[in-house]
Amino acid sequence: MKTANKDQNFFLPMSRAEMNRRGWQELDVLLVSGDAYVDHPAFGIPLLGRFLEEHGFRVGIIAQPDWRDPEAFKVMGRPRLCAAISAGAMDSMVNHYTAARKKRRDDAYTPGGRAGARPNRAVIAYTAAVKGAFKGLPVIIGGIEASLRRVAHYDYWDDSVRRSVLVDSKADLLVYGMGERALLEIVSRAAQGEAIADLQDVRGTACFTSLEPKATAIVLPSFEAVSSDQAEFLKAFKLAATEMTPFAGRTLYQQHGRRWVQINPPATPLSEAEMDQLYQLPFLKRPHPSYAEAIPAFTQIRFSLTTHRGCFGGCAFCAISTHQGKTIQSRSEASVLAEVDRLAKDPEFSGTISDVGGPTANMYGLCCGNPTAEKVCRRSDCLFPQPCSNLIKSDVRAVDLLNRIRVHPGVRHAFVASGIRYDLLEHQQDYFEALLEHHVGGLLKVAPETASSSVAKIMRKPGPQAFSEFLQQFRETSQQLNLRQGVVPYFIAAHPGCTLSDMLDTALFLRQHNLKVEQVQEFTPTPGSVATCMYYTGKDPFTGNAVYIPRSANERRLQKAVLLWHLPENRRDILEALKLCGREKDARLFLDSVRPKGQKR
């Protein structure tokens, strides 16, 4: 096999001319993405492409091809080994539709921010197109869309249970989670002559098998069972959730008709050295030069630093731990500072780092302090209902990193724009103080999501008391520092378990604490999350308890309006919500400050 050309001035090829520039006659691996090609480690397909290139493979990218035109997939010819397909950084259905199932008008991962550059259910559409263009070529699917749909799952847009996307796409193999280890093993073994469709032992993959499940495996209720019986769906969800640990997880099997889908245990987390190696790859940190318009997602993260991956928060509505895992995989301080050095040399860098963080900024450097317990742990998170006693919460590494970035001669400002877990900050006082004094760009993002104790338990979030204590300390410390800065709180409307009365309580909490929410996220059921299982079944899969589900369009609309209590145009909706809840007596608490424009008090 030829060694790939790793010239640091080259993008990964997107055309035959770019292949010729490298002296390549054919690709080893063709990567297909629903996102535009930005050569940056924050984008999954370019990261995997550079990773395979580092290991000697010739890789090309087709970004946002016209899935209706087979010729769009042939621009670089037939690859020698396989095609690997991702819908992009977002599930294509979430990318296209709001929680109200209305078409979105923009797409941050497309030049010009225009919508419509990728198909619905992009993994399925792209796989069909590749198989049509290259008969018999092995196809691997991955990315968040495939990852969260690896077993039979509830689909909000169809309002039904769909089969594993491996079955619906007819791909040869599915890679779930962060795919570096699995994809490299697959491609390496294919290069040695093994058939990709026969690879059934790669961690972090799902495959077809005709063999009966092993005695040590976990057999999930079949697709036929979970699609017709919600009790079986609950059983399957609970079984699968408890096995998604890289250390103690067992192989899962789920029958679809006459075939078995085999889901191998997750890939093991990357070590610090391996994380460092990823970020040392020769990324150009630019969109491909073929694009004439700006790509909003790139503009947002261009001068940001990713310090780690993974999240052990385990929020019921979130897919991060399902996809990235709960193990925090941190880069070394030296690796992050080396990236700061490279940023400082960029002629367009103004000295402001827009974000130093990850899925949850203040989880950098945190880990399990009991390796023996970690190997048998089946908890889906480390914080709910109480923080695990084995969790190391020390902020020493994070504080040291922020301090060293701040004094870098090329840096004027280094902000933390990623979300933080404020319930960890009581164990991280030095980080909290450094954050408030030096790293808040006026507004700090936090995500309490609710101010109802009962809803917080269903969400697996800290309750309102913890948020109140955080707010008090934030404001007192900011005042002591003589800094005018505020909190941007994120809340979810219409989450499972949240009644209209709960939302009124949340709005009163906001008013009491002088908080105004500018945007409201309406709960969208996405495959793989605990909250989606609750939405579909009306029950908590772990306790079996019934959960209230706000399903009607009117209630969902009212919950959003109540959260935006301070807007005069929502006055009528607030009155309607109060009447429906029999809480007219509380009207004065809202309407004293929510009056039509021009009306005097």
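Predicted model: local features only at pLDDT ≥ 70, side-chain atom pairs only at ≥ 80, totals over all residues.
1. In H20, the residues Val530, Ala531, Thr532, Cys533, Met534, Tyr535, Tyr536 and Thr537 are buried, where buried means under 20% relative accessible area, exposed means over 50%, and partly exposed is in between (1.4 Å probe, protein chains only). The helix is therefore described as mostly covered, with eight of its eight residues buried. Helices (H or I, at least four residues) and strands (E, at least two) are DSSP runs, numbered from the N terminus.

2. Residues are numbered from 1 along each chain as its sequence is written, and side-chain values use heavy atoms, with hydrogens and water left out.

3. What covers the buried residues of H20? The cover includes strand S6 (153-155), strand S7 (160-162), helix H8 (223-226), H9, helix H17 (453-459) and helix H21 (553-563), contact being counted for heavy atoms within 4.5 Å. After H20 comes Gly538, which has a positive phi near 75°.

4. Helix H9 (residues 230-242) packs with helix H20 (residues 530-537) at an angle of about 170°, and their axes are 10 Å apart. That makes H9 roughly antiparallel to H20, given that angles under 35 degrees count as roughly parallel, over 145 as roughly antiparallel, 65 to 115 as roughly perpendicular and the rest as oblique. The axes are lines fitted to C-alpha atoms, for helices over the stretch in contact, with angles running from 0 to 180 degrees between N-to-C directions.

5. On the H9 side of this contact are Gln230, Phe233, Leu234 and Phe237, which meet Val530, Cys533, Tyr536 and Thr537 in H20. By class, the contact has six nonpolar, two polar and no charged residues; here Ala, Val, Leu, Ile, Met, Phe, Trp, Tyr, Cys and Pro count as nonpolar, Asp, Glu, Lys and Arg as charged, and the others, Gly among them, as polar.

6. An open sheet is formed by nine strands in the order S3-S1-S4-S5-S8-S9-S12-S11-S10, with mixed pairing, two strands being taken as paired if DSSP finds at least two bridges between them. Its edge strands are strand S3 (59-63) and strand S10 (218-219), each of which pairs on one side only.

7. Strand S12 (residues 259-263) is mostly covered, four of its five residues being buried. With S9, S12 pairs in the antiparallel sense over four bridges, and Ile263 in S12 is the bridge partner of Ala206. With S11, the pairing of S12 is again antiparallel, over five bridges, and Tyr253 stands opposite Gln262 in S12. S11 and S12 form a hairpin with two residues between them, and Gly257 in the turn has a positive phi of about 65°.

8. Glu449 lies in strand S22 and has a positive phi near 70°, but Glu449 is buried, with a relative accessible area of 7%. The peptide bond from Phe384 to Pro385 is cis, with omega near 0°, and Pro385 lies in the loop between helix H14 (371-374) and strand S20 (391-392).

9. For the whole protein chain, there are 23 helices and 24 strands, and buried residues make up 57% of the 601 residues. The C-alpha atoms fill a box of roughly 75 × 60 × 55 Å, taken along the principal axes.
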